[in-house]
Amino acid sequence: MAQPPELPTTPLWKRLAALFYDGLLVFALLMVAIAVAFWLKGGGIAPRDPFFRLYLLMVMALFFCGFWVAGGQTLGMRSWQLRVQRRDGRALGWWQALWRFALAVPAVGLAGIGLWWMLLDPQGLALHDRLSGTRVVVVPRGE
């Protein structure tokens, strides 16, 4: 049986476009999560409360990791025909998805240095992809 052709690694501009789409979705999701937290607490949540920040981080982790594990694509990635996968082409499991997310938060959060890394990386991988053993590929139409 012939091995399927390797899919191309996603260029930086497409990743940024998908991240913008996902950012809009995550913003809306966080607004709902904040409303739920206010309702449960009866209002009065301090923005610097470490448990509140951890709760919001967990909401984001569930959003990204859930999509990555379920089909390799967030809604933004699906719009731009991108998929995250292991380097051997297999789907991510929960532990690898959580590890990737944990690495992506500082990599993207620190002025996007983890994404700019793609411009220097010989395989075009973001820093969090290189460290987590994943890659984001362009998916052919209809797949």
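**Entry 1: Phe-63 and Phe-67.** I looked up Phe-63 and Phe-67 and found both in helix 2, four residues apart, about one turn of the helix. Helices here are DSSP runs of H or I with at least four residues, strands are runs of E with at least two, and both are numbered from the N terminus. I worked on a predicted model, in which local features need pLDDT of at least 70 and side-chain atom pairs count only at pLDDT 80 or more, while totals for chains, interfaces and linings use all residues. Residues are numbered from 1 along each chain as its sequence is written, and side-chain values use heavy atoms, with hydrogens and water left out.

I noted that Phe-63 is buried, at a relative accessible area of 11%, and that Phe-67 is partly exposed at 27%. Buried means under 20% relative accessible area, exposed over 50%, and partly exposed in between (1.4 Å probe, protein chains only). The ring centres of Phe-63 and Phe-67 lie 5.1 Å apart with planes at 70°, so I recorded the pair as edge-to-face. Rings of Phe, Tyr and Trp (its six-membered ring) pair if their centres lie within 6.5 Å; planes under 30 degrees apart count as stacked, over 60 as edge-to-face and the rest as tilted.

**Entry 2: other aromatic residues.** I found seven aromatic pairs in the structure. The rings of Phe-52 and Tyr-55 have centres 6.4 Å apart and planes at 35°, so this pair is tilted. I also noted one aromatic cluster formed by Phe-63, Phe-64, Phe-67, Trp-68 and Phe-101.

**Entry 3: helix 2 and helix 4.** I looked up the axes of helix 2 (residues 50–71) and helix 4 (residues 94–109), which come within 9 Å and cross at roughly 130°. Axes are lines fitted to C-alpha atoms, for helices over the stretch in contact, and angles run from 0 to 180 degrees between N-to-C directions. Helix 2 and helix 4 are therefore oblique to each other; angles under 35 degrees count as roughly parallel, over 145 as roughly antiparallel, 65 to 115 as roughly perpendicular and the rest as oblique.

**Entry 4: the whole protein.** I counted six helices and two strands, in the order α-α-α-β-α-α-α-β along the sequence. The C-alpha trace spans about 60 × 30 × 25 Å along its principal axes. Of the 143 residues, 38% are buried.
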